[in-house]
Structure formats: C-alpha cells, structure tokens
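This report walks through one protein model. The sequence and structure come before the text.

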Amino acid sequence: MSELSNITFPEVCDKLEAASSVVILTHMRPDADTLGSGFALRELLRSLGKRAEVINGDDIPKKLRFIFGVDSLRPELLPADFTPDLVVSVDVSASKLLGELEEEWASRANLAIDHHVLGTPFAKNTYVGDVGACGEIILDIYREFKARGRDLLNRAAATALYAAICSDTGSFKFESVTAETHMRIAELHSVGINHAEIARRLYDSRPISQIMATKAALNALHFYCDGKLAVINFTQAMMAEDNLTREDIDDIISLTRGIEGVEVGMSIKQNAEDLTLFKVSMRSNRVADVSKLCAVFGGGGHVRAGGCTVNAPDEKAAEEMLVREIEREIRALEQSGAFEGADEL
Ligand SMILES: [Mn+2]
C-alpha cells in the first residue's frame, strides 16, 4: 500500500489545475453537501476546459434531484472513452461511505476533499477543512481560482453550494457556522441565487410517506436519563406496516434533538437485509461529544452529529447497549458540572 498524506489547500488547487480529466466521487445515501460540492466542483473544472464527471453508487433522493437535474449519477453512465487522470472525492470521510463505488474507485482516489475531522483517510492525498460544510471548501476553491485570474462562479454552481452549506449547517443553526460561513453565503448571493426556493426544495415539500414515517417515529419516541436522552428505534416491522422506504426515515433523527431538555438524540434503524444490523445516528445539543460516543461502536462524525453501525440479536438489545454508553457519558458530564451555564448566550 502506498503512502497516504495530508496536503495543503493551495496544493489542492494546484492538483485540480494540473488535471485534464477528473472523476468526482460522492458518498452513498447522498446528501445536499456531497452532491452540491460535487456539482460545483464539476462546473469549476468544466469552466477551466477540463472533462469532469460526478458519480454516486445510489439513486439520487427526489428532493435533491434539482442539484444535477438527473435521478442517477451511477458510474455505468460515464462516457465510454472517459479515462480520468485525477479521482477526487468530496465529503467522503471513509472509503466504506463510497458504498457501491468503493470496490472500483476507493483505491484510485488521488485526492479527498473533506470536512470530517474524524475521518479514516483512504485517498493518496487528503485535505480536511475546518468548516461546517464541504461546500464551503469548494467555494474557497472558486475564490482561489478567482485570485489566480479566473472568476468562474455561476448561478448553477452557487445554487448547489447554497444547498450544500444550508443543509450541512442545519440551516445555519449549528455551532460550526462562523462569520466566514456568512461571507461565503454573501458571495453566493452575488451571482443571484434564489435562496428561498432552494430552502423550499430542501425543506418544505415533504412527501406524504415521510409524514407517515414521522408519525410512526413519534409513536416510537421514548426518553432516558431524566429526559436528557431521546431515542427513536425504527424496526423493519414499522417500515413494513406503513410501506416506508429508507429515504422516508432518513431525517427522523432531527425529531429527537429539538425537544426541550434533550441533550442527546438518537435514532436506531434496523437493516432491511440483516435484521441484526442497526444503523445509528446521534445528535447533541450543547455538551456531549457524540463523535466520541459513536467511536466506541466503531463510528465517528462531528461533536454534534455522529453515526455508527452496531450488531445485536434484536432491536431491544441494540438499544440497551447504546443507551448504557450514552447514559454513562451523560452522568459523567452531569457530575463534572458540564451542563452548568451551557445554555448561556
Ligand atoms: Mn458534509
């Protein structure tokens, strides 16, 4: 295996400038950040006269189809004569997150552009920016090319980047948002984006099946740790009852965190093929580091948002195992006085 190393931001831009034909890898179960970053980077490279294509192993979720205007970016759609001299991933923190792309493309990745501090490097060169969304790094690449004399930001790319940044910052609610985030957003506005319509596409037209999923999730919601931990345990039986798809339950974790008094929100989702496999998402509000909690189970993420996958005989056992760990952490935080003053402005 060859050496993997970190590179600097100017080196990232140099590599992009030197390439002539680029494949951009995006993560499985794509979100607005990976797709928006991928689209905007593709546009930048094409504006520089290069060939560039984005691929993804899964279908594109309906509400995100506006970013590319297509429902699939599967690798078999790549032009037959396309041979990249640079393979770059965006928003992919570990090779397994490439999903169906992993086998063929992970080992070919020359460059990973990411913002997940606790990732597992897989590309030859990795750049991890300390920002809330990968889309912010892509905008910084536009800025760098502007400084090099090429002003390339167009409305379509800015629209994609707005979707990326808006979504990965929780609509600018997360602690990762800085003055710089808003400066970048101001720059996106300068090419005339329709931010209200982007937000509507992202948030205000939920399919009925998603509402049914929310209903089922709220029925399953329960609390631990005197209300500091909220859990939704979503089984395949619940999925079957309302004919729900995985896409319908993608965002149920957000139901847990926005409850008064809750510090950690967790969703547990049973795998469709292997009923002893559970996909776990965690969110925290002010104090708990959920990336640390997820790391206990082989996962990772950010301080306020993390995930992992656990094995257990059934959903009850999975929940018990996870809750035990989180409870221990919450009690330790309580004892250390970490909650005192945490809600001050
Ligand atoms: Mn991201």
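## Helix H5

Helix H5 (residues 134-147) has 14 residues, which at 1.5 Å a residue should span 20 Å, and its end C-alpha atoms are 20 Å apart, in agreement. The expected span is 1.5 Å times one less than the number of residues. Helices (H or I, at least four residues) and strands (E, at least two) are DSSP runs, numbered from the N terminus. The model is predicted: local features need pLDDT of at least 70, side-chain atom pairs count only at pLDDT 80 or more, and totals for chains, interfaces and linings use all residues. Residues are numbered from 1 along each chain as its sequence is written.

The buried residues of H5 are Cys134, Gly135, Glu136, Ile137, Ile138, Leu139, Ile141 and Tyr142. A residue is buried if 20 or more other C-beta atoms, placed from the backbone, lie within 10 Å of its own, exposed if 12 or fewer, and partly exposed in between. The cover over these H5 residues includes helix H1 (9-18), helix H2 (32-47), strand E4 (86-90), strand E5 (111-114), helix H6 (155-168) and helix H7 (179-189). Gly149 follows H5 and has a positive phi, near 100°.

Two strands pair if DSSP finds at least two bridges between them. E1 is joined to strand E6 (residues 125-128) by two bridges in the parallel sense, and Asn6 stands opposite Thr126 in E6.

Contact means that the C-beta atoms of two residues, placed from the backbone, lie within 7 Å. Axes are lines fitted to C-alpha atoms, for helices over the stretch in contact, and angles run from 0 to 180 degrees between N-to-C directions.

## The mixed sheet

Another open sheet of six strands has the order E7-E8-E9-E10-E12-E11, with mixed pairing. Strand E7 (222-224) and strand E11 (300-301) stand at its edges with a single partner strand each, so one side of each has no neighbour in the sheet. Helix H13 (residues 315-335) packs on the sheet, where H13 touches E7, strand E8 (229-234), E9, E10 and E12; its direction makes about 160° with that of E9.

Strand E10 (residues 277-284) is mostly covered, with six of its eight residues buried. E9 and E10 form a hairpin with six residues between them. The table gives the pairings of E10.

| Pair | Sense | Bridges | Facing residues |
|---|---|---|---|
| E9 (residues 264-270) and E10 | antiparallel | seven | Gln270 and Phe278 |
| E10 and E12 (residues 305-311) | antiparallel | seven | Arg283 and Ala305 |

Most residues other than glycine have a negative phi. Where does Asp91 lie? Asp91 is in the loop between E4 and helix H4 (102-105), and its phi is positive, near 70°. Asp91 is buried, because 29 other C-beta atoms lie within 10 Å.

Asp226 is found in the loop between E7 and E8, with a positive phi near 50°. Asp226 is exposed, because 9 other C-beta atoms lie within 10 Å.
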